[in-house]
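Visitor: I have a structure to look at and some questions about it. Can we go through them one at a time?

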Amino acid sequence: MCVCLTDSKTGQPVFSLQWHITAKCDQKCTHCYMYGSPFYESETKNELSLSDCKAIIDDFSDTIRDLSRKGCIYFTGGDPLLREDFFEILKYTAKRNLYPIGIAGNSYHLDYDTAMRLKEYGVSMYQISLDGLSDTHDRFRKPGSFKDALRAFEVLNKAGIDSMCMFTLSKQNMDQLIPVIKLAAEIGLAGFDFDRVVPVGSAKNLKDQTIEPLEYKELLLKVNEEYKSLRAKGCKTRFGYKDNLWVLVQDEKGIESSQNPVPGGFGIKRGCLIGYAGLAVLADGKVMACRRLPIIIGKLPQQKIWDIFLESSVLEELRRFDKLEKCSSCDNFEHCKGCRAVAYGYYGSYYSKDPGCWL
């Protein structure tokens, strides 16, 4: 978790729940953190009941009230649309006035009628991944998935739901990043962002796909030039700066990161936000500080979100950013801290340096 919304009026961070509502999925991506996870079997066999989901929504509503913060829920998976009672869950979320609601999923079950139902229940953003142009993307995910993603983006644009694209970056597809950025602008997506592959789950053997630090810095600079060029041409797509390591080149090159794709009335807070601005929940109710960091800190609905967030000894240890190797002495510490999940996947330690950092 490296970017969070803030309330533009109060400056308070929005408390978010990244909820992997099901482990059902039509794809088996080569870099997925769900497959190959020690928690995957439990997710498939012990999916939360509808009544449990409603209890968690109630708990979340109470938590943000007690924290005096706004809250938002991002439903993902797997693919949320593969859960049969997903619209009942959405309806209940809307009933509790928990906005904004976002979804990250696949394209295959998203048609216009479905998109309009999502919009009816308050869904304002739908994220679909593109990890390259047609051949590259389909190799990572599933034959035909690139073409279907473009179809789904058209559906979202027509329905008036913000169409978001996420790109998972590695050595294998770094040459495709700028072409996909241009494509996102060409087809009129609401937002685009990218982040590095984390070597956990199915990607645990992809450490060799980590981009060398100075090479990554040069790529960020090229990406920023492309962003600026597209904006100068009138492009309305909001290009994000999700990766914490953007901070390292901001001051040096005067990079403006205020263009992150966020709803009206909200701003952005940067830097690793583990233990600060939200939690991730798996399909069986297990709770993580960050979905890409495979460390369990609690269980819902058996425990309360408030108790996990404020009293978990594991989460308290993860908040010890002062123990980070090298990062804690860096001038950019407060706004960066590297990616703790990438560090864990690459070195086996949460406190290790970020392997992509060039400082």
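Guide: Asp243 is buried, as is Arg196. Keep in mind that this is a predicted model.

Visitor: Which parts of the chain do Asp243 and Arg196 link?

Guide: The side chains of Asp243 and Arg196 form a salt bridge, at 2.7 Å from N to O. Asp243 sits in the loop between strand 8 (238–239) and helix 9 (247–253). With 47 residues separating the two, the partner Arg196 lies in strand 7 (residues 191–196).

Visitor: How many salt bridges are found in the whole structure?

Guide: One of them is the pair of Arg141 and Asp131, whose side chains meet at 2.5 Å, N to O. Glu47, Arg83 and Asp85 are also linked, in a network of salt bridges. A search of the whole structure gives a total of 19.

Visitor: Why does the pair of Arg141 and Asp131 tie together parts that are apart in sequence?

Guide: The salt bridge joins the side chains of Arg141 and Asp131. Arg141 is in the loop between helix 5 (134–140) and helix 6 (145–159), while Asp131 is in the loop between strand 5 and helix 5, so the parts tied together are apart in sequence by ten residues.

Visitor: What is the relative accessible area of Arg320?

Guide: Arg320 meets Asp322 in a salt bridge between their side chains, at 2.8 Å, N to O. Asp322 is partly exposed, at 47% relative accessible area. Arg320 is partly exposed too, and its relative accessible area is 34%.

Visitor: Why is strand 5 largely enclosed by the rest of the structure?

Guide: Strand 5 covers residues 123–129, which makes seven residues. The strand is largely enclosed because the number of its residues that are buried is five.

Visitor: Which residue in strand 5 is the bridge partner of Ala104?

Guide: Strand 4 (residues 101–104) pairs with strand 5 in the parallel sense, over four bridges. In strand 5, the bridge partner of Ala104 is Gln127.

Visitor: Which residue in strand 6 stands opposite Ser129?

Guide: Strand 5 and strand 6 (residues 162–169) run parallel and are joined by five bridges. The residue of strand 6 opposite Ser129 is Met166.

Methods
Residues are numbered from 1 along each chain as its sequence is written. This is a predicted model: local features need pLDDT of at least 70, side-chain atom pairs count only at pLDDT 80 or more; totals for chains, interfaces and linings use all residues. Side-chain values use heavy atoms; hydrogens and water are left out. Buried means under 20% relative accessible area, exposed over 50%, partly exposed in between (1.4 Å probe, protein chains only). Two strands pair if DSSP finds at least two bridges between them. A salt bridge is a side-chain nitrogen of Lys or Arg within 4 Å of a carboxyl oxygen of Asp or Glu.
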